[in-house]
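Q: Could we go through this structure together? I would like to start with the overall fold and then look at particular residues.

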Amino acid sequence: MEIMKSPLELLDFNILRSEYSFEHPVGQEEINVRQMVTDYVLDFDYMIKTSGENLYAIFTKVIVNDGENKLPGHSIFAEAVSVFRINPEFPDKLETDDIKSLINFSAVTIAFSNIRGFISDITAYTPPGKYLVPIFDLQSLIKKKQEKMLLLKKANTSLKAKANKKKIVAKTKRG
């Protein structure tokens with residue numbers, strides 16, 4: 001069966017920063033890995049940066065069981081960047097909404113798959129064995145991210161409006 005090539009191309013994947021440690025559960029000779037990993041606190045984040053020539057950098061961050069309430073077992077911090085482009089043969093044939101969808105959904109999904117594979121690789125030879133980052137609801141993460149960005153944009157707009165209002169009031173009082 002012949003496949004149709006996607007207009008989205010993965011150009012590169014790089015790890016920017018990673019930290020890993022393993023703490024053996026105190027007083028336990030056997031480790032119940034399945035129970036141990038289900039209690040981990042997970043934190044995922046991403047950011048999309050664009051540049052000319054249809055280049056898109058998706059920065060991903062995954063934090064597993066790190067912070068004040070760290071449990072025994074794996075503790076992982078990983079930041080990465082996946083670089084994509086829209087194939088130059090396609091932009092004229094794609095609508096803006098199609099490109100946004102490719103980047104916001106397909107590219108972000110691929111970027112998290114890349115970092116998931118990296119985490120699986122670095123934990124493969126650890127005492128409890130390979131850690132697989134759980135499947136998560138990407139749609140929910142994207143929606144939360146978009147809501148957060150809108151709130152920040154509104155806050156910045158209101159701060160700028162207040163600053164401009166102060167300038168106008170100051171000029172009026174002098175006159």
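This is a predicted model: local features need pLDDT of at least 70, side-chain atom pairs count only at pLDDT 80 or more; totals for chains, interfaces and linings use all residues.

Q: What share of the contacts join residues at least 24 apart?
A: The share is 70%, taken among contacts between residues at least 6 apart in sequence.

Q: Let us turn to the strands. In which sense do strand 2 and strand 3 pair?
A: Strand 2, residues 42–51, pairs with strand 3, residues 55–64, in the antiparallel sense, and the pairing runs over ten bridges. As one example, aspartate 45 has lysine 61 in strand 3 as its bridge partner.

Q: What about the hairpin; which residue there takes a positive phi?
A: That residue is glutamate 53, with a phi near 60°. The hairpin of strand 2 and strand 3 has three residues between the strands.

Q: Now the rings. How many aromatic pairs does the structure hold?
A: The structure holds five aromatic pairs. One of them is formed by phenylalanine 44 and phenylalanine 112, whose ring centres are 6.0 Å apart. Their planes meet at 45°, so this pair is classed as tilted. The pair links distant parts of the chain, since phenylalanine 44 is in strand 2 and phenylalanine 112 is in helix 2, residues 96–123, with 68 residues separating them.

Q: What else pairs with phenylalanine 112?
A: Phenylalanine 112 also forms an aromatic pair with phenylalanine 136. This pair is edge-to-face, with 5.2 Å from centre to centre and 80° between the planes. It too links distant parts of the chain: phenylalanine 136 lies in the loop between helix 2 and helix 3, 24 residues from phenylalanine 112.

Q: Which residues do the ring pairs link into a cluster?
A: The cluster consists of Phe44, Tyr46, Phe112 and Phe136.

Q: Changing topic, how much space lies in the largest pocket?
A: The largest pocket holds about 340 Å³ of space. It is lined by 14 residues, and those closest to its centre are Tyr46, Ile48, Asn104, Gln146 and Met149. Strand 2, helix 2 and helix 3 are the elements that each give two or more residues to this lining. Helix 3 gives the most, with five residues.

Q: And the largest cavity; which residues line it?
A: The lining of the largest cavity is made up of Phe44, Val62, Phe112, Ile115, Arg116, Ile119, Val133 and Phe136. Helix 2 gives the most to this lining, with four residues. The space in the largest cavity is about 30 Å³.

Q: Where does threonine 123 lie?
A: Threonine 123 lies in helix 2. Its relative accessibility is 0%, so threonine 123 counts as buried.

Q: What does threonine 123 touch?
A: Leaving aside residues up to four places away in sequence, threonine 123 touches Tyr20, His74, Ile76, Gly129, Lys130 and Tyr131.

Q: Then where is tyrosine 131 found?
A: Tyrosine 131 is found in the loop between helix 2 and helix 3. With a relative accessibility of 4%, tyrosine 131 counts as buried. Beyond residues up to four places away in sequence, tyrosine 131 touches Val37, Tyr40, Leu42, Val64, His74, Ile76, Ile119, Ser120 and Thr123.

Q: How far apart are tyrosine 131 and valine 33 in space?
A: Tyrosine 131 and valine 33 are 9.3 Å apart, C-alpha to C-alpha, while 98 residues separate them in sequence.

Methods: Residues are numbered from 1 along each chain as its sequence is written. Side-chain values use heavy atoms; hydrogens and water are left out. Two strands pair if DSSP finds at least two bridges between them. Rings of Phe, Tyr and Trp (its six-membered ring) pair if their centres lie within 6.5 Å; planes under 30 degrees apart count as stacked, over 60 as edge-to-face and the rest as tilted. Contact means heavy atoms within 4.5 Å. On a 1 Å grid over the protein atoms alone, a cavity is a set of points where a 1.4 Å probe fits but cannot get out, and a pocket is an open set with protein on both sides within 12 Å along at least five of seven lines; lining residues have an atom within 4 Å of a point. Grid points are joined across faces, edges and corners, and a volume is the space filled by probe spheres set on the points. Buried means under 20% relative accessible area, exposed over 50%, partly exposed in between (1.4 Å probe, protein chains only).
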